[in-house]
Amino acid sequence: MTTIKRKFNFKLGADPEFVLTMQGRKIDAEQTMKLALKGKPGFKITSLNSGGGYEVEPFGNIGWDNASSTAEIRPRPDYEPQKIIDNLAGMFKEFIKHMKLCDMSTLSEFSSVGGHIHLEIPKADHLWGNEKINKIHRQLASFYLPLMISENKTNLNLRLKQGYGSLGDKRIENIFKWQDGSDGYTLEFRTP
């Protein structure tokens with residue numbers, strides 16, 4: 001079987017969220033990870049603007065977002081979607097070796113969880129207009145709509161009530177620096 005490699009002229013990124021549970025109850029991601037991963041080879045503690053976690057070379061970062069109870073995995077961004085998937089798999093493989101007492105869930109039963117897709121705005125296009133941003137967002141949303149329709153209605157309502165995850169949810173975010181030190185931006189698709 002031949003794998004078709006897709007490559008974009010901009011980087012893609014993601015930060016899917018999940019919850020850690022033990023015996024059917026949600027447990028605090030930050031506290032649990034700090035206890036389970038402290039001193040483990042391959043896990044280097046880091047602090048980020050969006051929370052904290054552990055750098056897992058060469059795959060990315062796994063940790064917690066600004067709400068320390070929610071876990072988040074941040075694969076290293078890449079031009080090829082398959083590399084992002086490989087980074088996710090590599091991090092989870094290492095992570096579960098040390099988290100055997102916990103289960104992981106992406107259901108919003110315990111809290112509102114989601115995840116975002118980041119599209120690097122090419123440097124030459126750092127001043128994308130609203131029309132271009134809205135067009136890209138509509139295209140992404142059209143692929144997500146069938147998933148949103150099939151989502152558990154209670155979970156969907158909880159997520160929407162907490163203020164994010166609507167079909168129109170997006171933002172431009174300054175989250176990195178280019179090699180010359182200038183600000184780099186992403187279009188963050190926040191619907192999932």
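**A strand and its two partners**

Analyst: Strand β9 (residues 117-120) and strand β11 run antiparallel and are joined by 4 bridges; strands count as paired when DSSP finds at least two bridges between them. The model is predicted, so local features are given at pLDDT of at least 70 and side-chain atom pairs at pLDDT 80 or more, whereas totals for chains, interfaces and linings use all residues. Residues are numbered from 1 along each chain as its sequence is written, and side-chain values use heavy atoms, without hydrogens or water. Strands (E, at least two residues) and helices (H or I, at least four) are DSSP runs numbered from the N terminus.

Strands β10 and β11 form a hairpin with 5 residues between them, and in its turn G181 has a positive phi of about 90°. Strand β11 itself (residues 183-189) is mostly covered, since 5 of its 7 residues are buried; buried means under 20% relative accessible area, exposed over 50%, and partly exposed in between, with a 1.4 Å probe and protein chains only.

For the helix, α2 (residues 81-98) is the element to consider. Its 18 residues should span 26 Å at 1.5 Å a residue, and its end C-alpha atoms lie 27 Å apart, which agrees; the expected span is 1.5 Å times one less than the number of residues. The buried residues of α2 are I84, N87, G90, M91 and F95. Viewed down the axis of α2, they fall within an arc of 125°, so they line one face of the helix; the arc is taken from the directions from the axis to the C-beta atoms.

Rings of Phe, Tyr and Trp (its six-membered ring) pair if their centres lie within 6.5 Å, with planes under 30 degrees apart called stacked, over 60 edge-to-face and the rest tilted. The ring centres of F8 and F10 are 5.3 Å apart with planes at 35°, so this pair is tilted. F10 is buried at a relative accessible area of 19%, whereas F8, at 35%, counts as partly exposed. The rings of F18 and F95 have centres 6.2 Å apart and planes at 75°, so they are edge-to-face. F18 lies in strand β2 (residues 17-22) and F95 in α2, so the pair ties together parts 77 residues apart in sequence. Both F18 and F95 are buried, and together with F92 they form one aromatic cluster.
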